[in-house]
Every structure is written in C-alpha cells, then in structure tokens.
Amino acid sequence: MFNIGDDNTDLTGGKRSTPTRVTYGIFVFMVFIVLVSVILVSEQADTTIAKYVAPALPFSGVDNPVTAVLLNFRSYDTLLEIAVLLIVAVAVMPSNKRLTAGNPTTNGDSALPALHGFATWFMPITVIMAGYLLWTGAYAPGGAFQAGAILAGAGILVLQLRSISITVDSLLMQTLLAIGLVVFLGMATLTYFFNGMVLQYLPSEAGWQILVIEIAATITISIILVMLYVSLATDVSDTSADEKEAVPCSHSP
Amino acid sequence: MVVELGIDMVFAVGLLTVAITCLLAEDVFKSIVLFVCIGLLTAIIWARLNAWDVAIAEAAIGSGLTGCLLMITLRRLAQIPTTASSVRRGSKHV
C-alpha cells in the first residue's frame, strides 16, 4: 500500500544506527503518552456562563450546551456567520471559472504512491468521522463547524491527487455553496409563520430543526473551505484573466 | 495539582517560544510550519481549558486549513513574475 523508501539518514548524511532509531522512537512515543494523558486528566470547569445555560438546556432540544447556544439561543448569530462565509466564498471565487487545482494527470500518479494510498484509505474514514461529529454535536463536543472543517480537509486531500478538477460555475457547486444559508433562512421563515417569531423553536421540535440546519451548514462550510483552497491553488498561468489586475507591483522597475 | 500546573506551564512557555520563533524565522516556509505547530499547541491548550468544540475547530481550521492556505499562497507568490528575484520561496523581504 505505501511505498516506504529506506531513507534513514541523519542530518550529516550518515546512516542512523538501530539503537538511535529505537531511542528516537521511544522518545516520540513518550511525548505522545504525555499529550494524551494531559487531555485525559482535565476536569470539569465551573464557569458562570454554564450556570445560566444549564437550566435552559432541556428546552433547547440538544444536550450539548455549546450546540444549544450556537444553534438555538444564539442562532441568529450563526445565521449571520453562514452569510459571511458565503460572502467570502463569492469574493474569492476565481474569475476563470473553469479551473483545476493543479494539472490533472492520468489515473495512477506513480510519482506519489504514498499520497495515493494515504488518500484512498483516509477519505472514507474522514467522511465517516465528519458525519459522526455532525451527529454527535447534539450530545457531545462536535457540531456543524467541526464536521465541515474535517470534511474540507478530506476534500483538500482528494484535490492533492490532481486527478480530478473542479468546475466552479457548475450548478452543483453553486447549489452546495448556497444550501446552508438557504436552509437556515427557510427554517427562519418557517418558524416565523408557525411560531410567531423568527428562529423561535418549540422545545419538542427543536431537535430535528437544529439537525436539518446543521446538515446544510456542514455541506456549505466544507464546500466554501475547499473553494478557498481551489481559488488559491491554481497556477498563475491558468488564471490569465485576473493576472493583469491582481498584482500592481509587478510592473515597477 | 503540581503536575497539572507543571504541564500547563510547559504548554504556556512552549507556545510562547514557538510563537517567537515563528516571528523571528528567516524563512517564510519555516514560519508557516511553525504556525501549524502553534495551531496544534493551541488546540491542546483549548482541550486543557475544557473547551472541546473549540479544540476540534482549532485543530482542523486554525492549524490544518490555515497552514494549507498559507502554503499555497507562498507557492503562488513565487509564481508571480516580478523584476526583483526576492519574491521566491525563502525570503521575507518582499
């Protein structure tokens, strides 16, 4: 699966001996154990905000106080955040709409077999992890932003393979970019007509409403972050349209 | 109690050290790599402060995605044709 080269040289060019490698391995493993145990010994902190959120938590539809604040008590702020993300995506959308993140090569890029193996094995795991984080945001740390960020990481990893390209002005891309804001605004309109106030959830229905908004927000956040990457990762020769006005200092003597 | 204080001091001093090294590095590429390390240390500190959602978001977006965007920005900066040859990977004096 991985093409492991035998490149075991140190900084001066000599080969590392086996006891040195074992020592380095033990040291790295000890650092790893320290990092994990640090996270495990953390105890519950009692902050003042938690005292206000805790009594209202059963009426919010979720069990995680962070998700309750983000998507129920302060859902208007999250709506504006999604809108700002969409504005950022429109602002960095490349002028050359049909572009590729790097040159598409033939299937099976033999120059980077480790990358191919890694991406092939990691992509499904990352997608499942993102779905898990999205679902468990109601009960444990997680939520839409975390799932969207991890899904964007998987998308960027797939784009490293250079065997796929992205058409930015396709209908699918535009739909995925806008679906978060559209679903959020639709939910706001529905709650206005059914409950009398914008983004006012009934405690019995708040659970699935928050889940619907989170699913759309995850898709939008991941696509917008991948769009940020794609807009920067294209070579300058691909975007001949914006090369003229992009860098004003390139013509100074 | 003392062990926890020691671990927190290690993380605080380490984060400050990595941040200062990131600012003083003579290579832009080195600064970006140290920026990713800052993101990782900050994620662990968020976990120490019991803010788990922020830790996940910091590890994914703050260090991973921002580091990736900085790298490809650096690559794109090197591709823009300029008269001065200093806009290339390595120099901080653009």
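**Entry 1: salt bridges of chain B**

I began with the charged side chains and found that Glu4(B), Asp8(B) and Arg48(B) are joined in a network of salt bridges, a salt bridge being a side-chain nitrogen of Lys or Arg within 4 Å of a carboxyl oxygen of Asp or Glu. I note that this is a predicted model, in which local features need pLDDT of at least 70 and side-chain atom pairs count only at pLDDT 80 or more, while totals for chains, interfaces and linings use all residues. Residues are numbered from 1 along each chain as its sequence is written, chains are lettered from A and ligands numbered from 1 in the order in which they are written, and side-chain values use heavy atoms, with hydrogens and water left out.

I looked up Arg48(B) and Asp8(B), whose closest N and O atoms are 3.0 Å apart. Arg48(B) lies in helix α2 and Asp8(B) in helix α1 of chain B, so this pair ties together parts that are 40 residues apart in sequence; helices here are DSSP runs (H or I, at least four residues), numbered from the N terminus. For Arg48(B) and Glu4(B) I read 4.0 Å, N to O. Arg48(B) is buried at a relative accessible area of 16%, whereas Glu4(B) is partly exposed at 22% and Asp8(B) is partly exposed at 31%; buried means under 20% relative accessible area, exposed over 50%, and partly exposed in between (1.4 Å probe, protein chains only).

I also noted a salt bridge between Lys30(B) and Glu26(B), at 3.1 Å between the closest N and O atoms, and over all chains the count comes to three.

**Entry 2: helix α2 of chain B**

I then followed α2(B), which covers residues 28–48 and reaches 30 Å from its first C-alpha to its last, close to the 30 Å expected, the expected span being 1.5 Å times one less than the number of residues. Its buried residues, among them Ile32(B), Leu41(B) and Arg48(B), pack against α1 (18–40) of chain A as well as α1 (2–24) and α3 (52–79) of chain B. Just after this helix, I found Asn50(B) with a positive phi of about 65°.

**Entry 3: two buried residues of chain A**

I found Thr191(A) in helix α7 (residues 171–195) of chain A, buried at a relative accessible area of 2%, with its side chain reaching the backbone nitrogen of Leu199(A) at 2.8 Å.

Gly142(A), in the loop between α5 (113–136) and α6 (144–159) of chain A, is buried at 4%. Leaving out residues up to four places away in sequence, I list Asn64(A), Leu133(A), Gly137(A) and Asp53(B) as the residues that Gly142(A) touches, contact meaning heavy atoms within 4.5 Å.

Technical notes
A polar contact is a pair of N or O atoms within 3.5 Å; within protein, one must be able to donate a hydrogen and the other to accept it, and residues adjacent in sequence count only if both atoms are side-chain atoms.
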